[in-house]
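Here's a quick briefing on one predicted model. Have the sequence and coordinates open while you read.

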Amino acid sequence: MRLKNHVMSEDLLEKFIDEYINSQTMPQVLFTWHGGEPLMRPISFYKKAIELQKKYARGRTIDNSIQTNGTLLTDEWCRFFKENNFLVGVSIDGPQEFHDEYRKNRQGQPSFAKVMKGIELLKKHGVEYNAMAVVNDFNADYPLDFYHFFKEIDCHYIQFTPIVERISQRADGLSLSSPIQNEKAELTDFSVSPEQWGNFLCAIFDEWVREDVGNYYIQLFDSTLANWIGEQPGVCSMAKNCGHAGVMEYNGDVYSCDHFVFPEYKLGNLYSNTLVEMMYSDKQAKFGEAKSKTLPAQCKECEFLFACNGECPKNRFTFTETGEPGLNYLCKGYHKFFKHIAPYMDFMKKELMNERPPANVMEWIKESGI
């Protein structure tokens with residue numbers, strides 16, 4: 001249940017914007033707005049945010065992105081996003097039968113039609129947007145139907161997120177299981193299996209690498225190629241260490257990561273600590289370093305460690321073949337995927353190293369008959 005007072009005050013908004021901009025070391029500053037559903041706040045809240053960003057910019061370039069389920073988008077919202085150069089991430093889980101399987105409103109009604117109406121409004125106003133698609137136990141079995149849908153709606157930037165959630169009864173009343181809780185936590189029925197995830201990625205990659213490189217951008221494929229050539233992957237889950245994606249709740253509480261909003265990962269509160277103090281604290285440094293330091297031997301010896309770096313720590317709750325804890329639940333799926341794509345990644349790496357476009361891989365495949 002969403003309580004009426006679970007919204008950020010303007011006083012906290014100003015304090016956060018001032019501190020967040022002031023804490024940055026680069027000339028470009030990105031604000032990411034998410035909830036809950038961020039469009040439940042009135043446009044006036046975000047107009048105030050823009051006003052405060054200009055007030056405290058101190059010569060820096062400010063960018064904004066917002067993550068929404070798309071059902072509340074209107075012409076007014078879209079005009080605002082266009083005028084202020086927002087990047088909008090829309091949660092849509094493929095075609096209607098897939099999306100509506102789990103994406104229902106509070107009344108239990110399907111939401112696909114409203115989301116598609118929202119996407120049409122974004123297009124109408126020329127707002128830059130991408131799709132944020134959750135891969136679950138249902139839609140994972142139909143990878144090409146899933147992928148073709150996004151091509152059909154002309155969405156060129158796609159993020160696939162495997163849903164992996166566990167539930168348990170915690171002393172603090174929370175039902176979602178903390179990543180450090182390995183005992184008595186049950187995997188939810190809607191979570192994707194490692195085998196499904198691997199098959200899903202391989203099937204989509206096979207079409208993408210033959211037809212769509214340089215035209216459709218799939219975050220995981222781009223991140224994998226970045227790791228293949230030794231560059232930063234651009235997404236924390238695939239990086240060697242993490243700890244740079246802290247999150248602040250409506251009341252000023254700051255946590256290590258959006259996936260770790262549990263009491264044991266609370267860094268402090270903006271009313272009593274500065275963002276610099278919290279994000280550069282020993283606690284946060286240890287959190288970030290733990291991503292690489294706590295890997296089990298099986299991961300450290302894996303030929304594809306460079307490609308996934310153990311993926312997100314929130315998913316490391318299974319055991320290796322020797323019984324060592326800390327193996328990523330999706331390991332088998334990722335390993336299958338990396339082994340499958342290795343020849344193509346090797347070719348694209350060679351092209352990039354020679355300052356040629358990786359899209360040349362499509363012609364190479366045709367010529368070699370792979």
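Contact here means heavy atoms within 4.5 Å. Helices (H or I, at least four residues) and strands (E, at least two) are DSSP runs, numbered from the N terminus. This is a predicted model, where local features need pLDDT of at least 70, side-chain atom pairs count only at pLDDT 80 or more, and totals for chains, interfaces and linings use all residues. Residues are numbered from 1 along each chain as its sequence is written, and side-chain values use heavy atoms, with hydrogens and water left out.

**Helix α8 and its partner**

- Leu 220, Phe 221, Thr 224, Leu 225 and Trp 228 are the α8 side of the contact with α13, and among the residues they meet are Tyr 334, Phe 337, Phe 338, Ile 341 and Met 345.
- The axes of α8 (residues 219-228) and α13 (residues 331-353) come within 9 Å and cross at roughly 65°; axes are lines fitted to C-alpha atoms, for helices over the stretch in contact, and angles run from 0 to 180 degrees between N-to-C directions.
- Since 8 of its 10 residues are buried, α8 is largely enclosed by the rest of the structure (buried means under 20% relative accessible area, with a 1.4 Å probe and protein chains only).
- The cover over those buried residues includes α7 (194-211), β8 (217-218), α12 (305-308) and α13.

- Six strands form an open sheet in the order β1-β2-β3-β4-β5-β8, with parallel pairing; two strands pair if DSSP finds at least two bridges between them.
- At the edges sit β1 (28-33) and β8, each pairing on one side only.
- β4 (residues 129-135) pairs with β3 (residues 86-91) in the parallel sense over 4 bridges, and 5 bridges join β4 to the parallel β5 (residues 157-162).
- In those pairings, Ala 131 is the bridge partner of Val 90, while Phe 160 is the bridge partner of Ala 133.
- In a regular strand, side chains alternate between the two faces of the sheet.
- In β4 both faces are covered: Tyr 129, Ala 131, Ala 133 and Val 135 are buried on one side, and Asn 130, Met 132 and Val 134 on the other.

Note on methods:
Buried means under 20% relative accessible area, exposed over 50%, partly exposed in between (1.4 Å probe, protein chains only).
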